[in-house]
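Hello,

Here is the structure I promised to hand over. Please have a look at it first; my notes follow below.

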Amino acid sequence: MNRRRRIYEGKAKILYEGPEPGTLIQHFKDDATAFNNKKHDIIDGKGVLNNRISEFVFEHLNRLGVPTHFIRRVNMREQLVREVEIVPLEVIVRNVAAGSLCTRLGLEEGTQLPRSIIEFCYKKDELGDPLVAEEHITAFGWANPQELDDIMALTIRINDFLSGMFAAVGIRLVDFKIEFGRLWEGDMMRIVLADEISPDSCRLWDMSTGDKMDKDRFRKDLGGMIEAYQEVARRLGILNESERPVTDGPRLVK
Ligand SMILES: Nc1ncnc2c1ncn2[C@@H]1O[C@H](COP(=O)(O)OP(=O)(O)O)[C@@H](O)[C@H]1O
Ligand SMILES: [Mg+2]
């Protein structure tokens, strides 16, 4: 089946050559990884859910005028996107203290931050994606000051949109990671949102119970990862009633 050219295989996705120049097919795998690939498992159905959730988010952002690489979903696991030159940064937005921020600054998990904080990590698996400052980014030329400005402005809009979208369905957006790329149109270049936004790349807590509905279920061996991702999709109205959850076996119909 996969006769097309594979451009890149990452931890959670595969990129194939797209049907037209300048496009790619982004394929969502079921692989779950954490701690820079030290922990790995296959979670049946995760790729399907992330494809749908990411489609939902990117479509809304496109409609709001936040430029993204997303063109359309093509099947259960794949979407057509514009090929971009990825800016080698993981842009992290934090609204509530969790994860490495707690370790680094001695904060208690769940502490509301005085304001949203944007952090940058240099995207380099061999180095474990180290935290870097704007100074490093511009000094080493990973992005120029104008690009960094665009990235920050888009990031703030994305955080506002996502926080509201999740709050409306009883989910607290604790933090998330995004990636940007350079998209050329003729000799004009634009910074656009690329990669994915899914429970793999966000921390999502149920507002009433505090339950984790994201990849921390895998990192912390809490179980119920697929059920949590399904619940996120269901609340966003992505999985409609007629659609059976992906991993369910036969069920007795009364
Ligand atoms: N539109 C795009 N054009 C080119 N590369 C992209 C695009 N969107 C995402 N990517 C890159 O494709 C890869 C997606 O696969 P993933 O499994 O997330 O890889 P990784 O293990 O590097 O995180 C990432 O490296 C990401 O930066
Ligand atoms: Mg990735």
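Start with D129, which is buried because its relative accessible area is 17%, under the 20% cut-off for that label. Bear in mind that this is a predicted model.

D129 sits in a loop. That loop runs between strand 10 (112-122) and strand 11 (131-132). The backbone deserves a look here. D129 is not a glycine, yet its phi is positive, at about 45°. Most residues other than glycine have a negative phi.

F35 is another case. Its phi is positive too, at about 55°, and F35 is not a glycine either. Where does F35 lie? Look in the loop between strand 4 (31-34) and strand 5 (39-42). F35 has a relative accessible area of 48%, so it counts as partly exposed. The cut-offs for that label are 20% and 50%.

D149 belongs to helix 4. Is D149 buried or exposed? D149 is exposed, because its relative accessible area of 51% is over the 50% cut-off.

Best wishes

Key
Residues numbered from 1 in each chain as written. Chains lettered and ligands numbered in written order. Predicted model: local features only at pLDDT ≥ 70, side-chain atom pairs only at ≥ 80, totals over all residues. Heavy atoms only, no water. Helix = DSSP H or I, 4+ residues; strand = E, 2+ residues; numbered from the N terminus. Buried < 20%, exposed > 50% of the residue type's maximum accessible area, 1.4 Å probe, protein only.
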